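The entries follow the order in which I went through them.

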Amino acid sequence: MNDEAKLRKLYEDMYAAMVAKDEAELDRVHDDSFVLVHMTGMHQDKKTYIRSILNGTLNYYDEKTESLDVTVNGDTATLTGRSKVTAAVFGGGKHTWCLQLHFTLMKKNGEWKFTSSSASTY
């Protein structure tokens, strides 16, 4: 499997882990330096982000990928995913959003990890 295919699989694995609230998998796919910038501008580090998924602050129910744009440059990469995501976040009701996540990634010891993500709608 080439790097682009690995990154596409990592995106799928990430969303599956978010829906399943799989702490071990969320930890595996995100680098310890990971930071998420929400649509509101709020920043969450890896531990806070994963804790928010596990404690129900961020509830993800379903994800349907519409497009993935991947660019690999050696041991770094960018990935922009557009997905229809059904979620209930920060105490709000369950809705489906057209969510775009723009990621940076790094390959460490042969494994790709998300290092940052910025969320928006499309």
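**Entry 1: the model.** I noted at the start that this is a predicted model.

**Entry 2: the pocket.** I looked up the largest pocket and wrote down a volume of about 320 Å³. Which residues lie nearest its centre? I found His38, Met39, Tyr60, Val89 and Leu99 there, out of a lining of 21 residues.

I then asked which elements supply the lining of the largest pocket. Helix H1 (3–20) gives at least two residues, and so does each of the strands E1 (30–37), E3 (58–73), E4 (76–89), E5 (95–108) and E6 (111–121). E5 gives the most, with four residues.

I sorted the lining of the largest pocket by class as well. I listed 17 nonpolar residues and four polar ones, and I found no charged residues.

**Entry 3: Asn59.** I picked Asn59, which is found in strand E3. Is Asn59 buried or exposed? Its relative accessibility is 17%, and the limit for buried is under 20%, so I put Asn59 down as buried.

Next I looked up its neighbours. Leaving out residues up to four places away in sequence, Asn59 touches Lys21, Thr86, Ala87, Ala88 and Val89. With Lys21 there is also a polar contact, side chain to side chain, at 2.9 Å.

**Entry 4: E3 with E4.** I followed E3 into its pairing with E4, which is antiparallel and has 14 bridges. At one place I saw Asn73 opposite Thr76 in E4. The hairpin of these two strands has two residues between them, and Gly74 takes a positive phi near 70° there.

**Entry 5: E4 with E5.** How many bridges join E4 to E5? I recorded twelve, with the strands running antiparallel. For Val85, I wrote down Trp97 in E5 as the bridge partner. This hairpin has five residues between its strands, and Phe90 in the turn has a positive phi of about 50°.

**Entry 6: E5 with E6.** I ended with E5 and E6, which run antiparallel and are joined by ten bridges. Met106 stands opposite Lys113 in E6. I noted two residues between the strands in this hairpin, where Asn109 has a positive phi near 50°.

**Entry 7: looking back.** I went back to the pocket with the strands in mind. E3, E4, E5 and E6 are among the elements that each supply at least two residues of its lining.

Definitions and conventions
Residues are numbered from 1 along each chain as its sequence is written. This is a predicted model: local features need pLDDT of at least 70, side-chain atom pairs count only at pLDDT 80 or more; totals for chains, interfaces and linings use all residues. Side-chain values use heavy atoms; hydrogens and water are left out. On a 1 Å grid over the protein atoms alone, a cavity is a set of points where a 1.4 Å probe fits but cannot get out, and a pocket is an open set with protein on both sides within 12 Å along at least five of seven lines; lining residues have an atom within 4 Å of a point. Grid points are joined across faces, edges and corners, and a volume is the space filled by probe spheres set on the points. Ala, Val, Leu, Ile, Met, Phe, Trp, Tyr, Cys and Pro count as nonpolar, Asp, Glu, Lys and Arg as charged, and the others, Gly among them, as polar. Buried means under 20% relative accessible area, exposed over 50%, partly exposed in between (1.4 Å probe, protein chains only). A polar contact is a pair of N or O atoms within 3.5 Å; within protein, one must be able to donate a hydrogen and the other to accept it, and residues adjacent in sequence count only if both atoms are side-chain atoms. Contact means heavy atoms within 4.5 Å. Two strands pair if DSSP finds at least two bridges between them.
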